[in-house]
Amino acid sequence: MMTALRRRNGVLPPKAELALEYIFVVIGSAFVALAFSVFLLPNKIASGGVSGISTILKWVVGWDPSIVQWALNIPLFFAGIIFLGRQFGAKTLVGTVVLPLFVLVFSGWGPATNDPLLGALFGGLGVGAGLGIVFRGKASTGGVDLLAQILHKYAGISLGTCILFIDGTIVCTSALVFGLEKALYALIAMFLTAKTIDVVQMGLGVSKVALIISDQEEEMRQGILTEIYRGVTKINAFGGYTQDERPMLMCVVAQYEVTKLKQFVKSIDPAAFIILLNANEVLGEGFKRA
């Protein structure tokens with residue numbers, strides 16, 4: 001029997017899935033705003049993006065960061081629609097509007113720490129976690145990413161170069177305003193943000209892809225299915241030297257199953273050739289769902 005929320009294939013009904021995505025956008029925006037307000041802003045860490053610009057303007061001219069973010073994000077969102085088309089959708093607009101709102105809500109909170117290193121570390125982690133949750137909601141918080149996409153489309157500059165140039169300019173400006181040390185802290189925060197986004201998107205678990213070449217290919221295939229209890233794919237391969245056909249088996253196992261797999265393969269064919277590769281994310285039967 002199906003639950004009230006899930007179909008037989010484990011996928012949420014469209015309306016429930018859409019509602020969950022909006023919840024992700026709101027929760028993720030709250031995480032970003034909280035990390036910005038209690039870690040980055042009070043320690044003068046301008047780690048790129050619109051939030052970095054608002055940090056600089058807060059300490060130079062006293063402008064409220066939430067107002068600055070609204071003043072930049074909303075025009076950039078509509079510029080994105082004009083120059084890039086209607087591909088961003090309502091969820092990105094929600095992120096664009098809600099993030100500065102949460103910044104305003106948290107503006108009265110005092111700093112969680114006055115140590116800039118701790119501010120960079122936990123600010124980067126918090127912003128990365130929040131953005132990862134927003135991305136899980138298939139949206140974004142807009143900002144300079146939209147500007148980078150516009151420059152990419154009309155100036156022919158690669159997207160990565162555009163983002164690097166914009167964020168680099170903001171960090172360099174922060175070095176002139178706050179000093180080199182604060183700019184270095186900002187780089188630490190940016191690095192942690194990027195890595196944390198990856199963790200939230202793909203998870204902490206690292207599975208292994210095993211490629212096995214053996215003369216006992218059929219016995220190996222049956223054993224993986226019945227003793228390791230993992231699926232296996234047979235791939236047609238040919239020896240580079242002999243040009244003889246040498247079928248290769250591919251299977252994906254969890255980290256804790258690697259030793260068991262290696263022991264099994266060696267028990268069948270001590271001369272078997274095994275290649276183990278990291279798989280950061282595996283979706284499907286026996287692993288996590290999308």
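Author: Happy to! To sort the residues, Ala, Val, Leu, Ile, Met, Phe, Trp, Tyr, Cys and Pro count as nonpolar, Asp, Glu, Lys and Arg as charged, and the others, Gly among them, as polar. By that sorting, the lining of the largest pocket consists of 18 nonpolar, 12 polar and 2 charged residues. This is a predicted model, in which local features need pLDDT of at least 70 and side-chain atom pairs count only at pLDDT 80 or more, while totals for chains, interfaces and linings use all residues. Residues are numbered from 1 along each chain as its sequence is written, and side-chain values use heavy atoms, with hydrogens and water left out.

What is a pocket here? On a 1 Å grid over the protein atoms alone, it is an open set of points where a 1.4 Å probe fits, with protein on both sides within 12 Å along at least five of seven lines; lining residues have an atom within 4 Å of a point. Points are joined across faces, edges and corners, and the volume is the space filled by probe spheres set on them. The largest pocket holds about 690 Å³. It is lined by 32 residues, and Ser47, Gly48, Gly49, Leu131 and Asp167 are the closest to its centre.

Which helices supply that lining? At least two residues come from each of α1 (14-40), α2 (49-61), α3 (65-84), α4 (89-105), α5 (116-136), α6 (144-155), α7 (159-178) and α8 (180-202). Helices (H or I, at least four residues) and strands (E, at least two) are DSSP runs, numbered from the N terminus. In total the protein has 10 helices and 4 strands, and from the N terminus on their order is α-α-α-α-α-α-α-α-β-α-β-β-α-β.

Leu72 counts as partly exposed at 30% relative accessibility; the cut-offs are under 20% for buried, over 50% for exposed and partly exposed in between (1.4 Å probe, protein chains only). Beyond its neighbours within four places in sequence, Leu72 is in contact (heavy atoms within 4.5 Å) with Val50 and Ile53. Between Leu72 and Thr96 there are 9.6 Å from C-alpha to C-alpha, although they are 24 residues apart in sequence. For the protein as a whole, 71% of contacts between residues at least 6 apart in sequence join residues at least 24 apart.

The loop between α1 and α2 holds Lys44. Lys44 is not a glycine, yet its phi is positive, about 55°. Most residues other than glycine have a negative phi. Lys44 is also partly exposed, with a relative accessible area of 30%.

Further along comes α9. Its buried residues include Glu217, Met220 and Ile224, together with Gly223 and Ile228. Seen down the axis of α9, the buried residues fall within an arc of 120° and so line one face of the helix; the arc is that of the directions from the helix axis to the C-beta atoms. Among the parts that cover these buried residues are β1, β2, β3 and α10. Just after α9, Tyr229 takes a positive phi of about 60°. Tyr229 sits in the loop between α9 and β2 and counts as exposed, at 64% relative accessibility.

How many salt bridges does a search of the whole structure find? There are 4, each a side-chain nitrogen of Lys or Arg within 4 Å of a carboxyl oxygen of Asp or Glu. One joins Glu218 to Arg221, with their closest N and O atoms 2.5 Å apart. Glu218 and Arg221 are 3 residues apart in helix α9, about one helical turn. Both count as partly exposed, Glu218 at 38% and Arg221 at 23% relative accessibility.

Another joins Arg230 and Glu257, the closest N and O atoms being 3.0 Å apart. Arg230 lies in the loop between α9 and β2 and Glu257 in the loop between β3 and α10 (258-268), so this pair ties together parts 27 residues apart in sequence. Arg230 counts as buried at 12% relative accessibility, and Glu257 is buried at 10%.

Asp215 is in the loop between β1 (207-213) and α9 (217-228) and Arg246 in the loop between β2 (233-235) and β3 (248-253), so parts 31 residues apart in sequence are tied together. Here Asp215 counts as exposed at 62% relative accessibility, whereas Arg246 counts as partly exposed at 32%.
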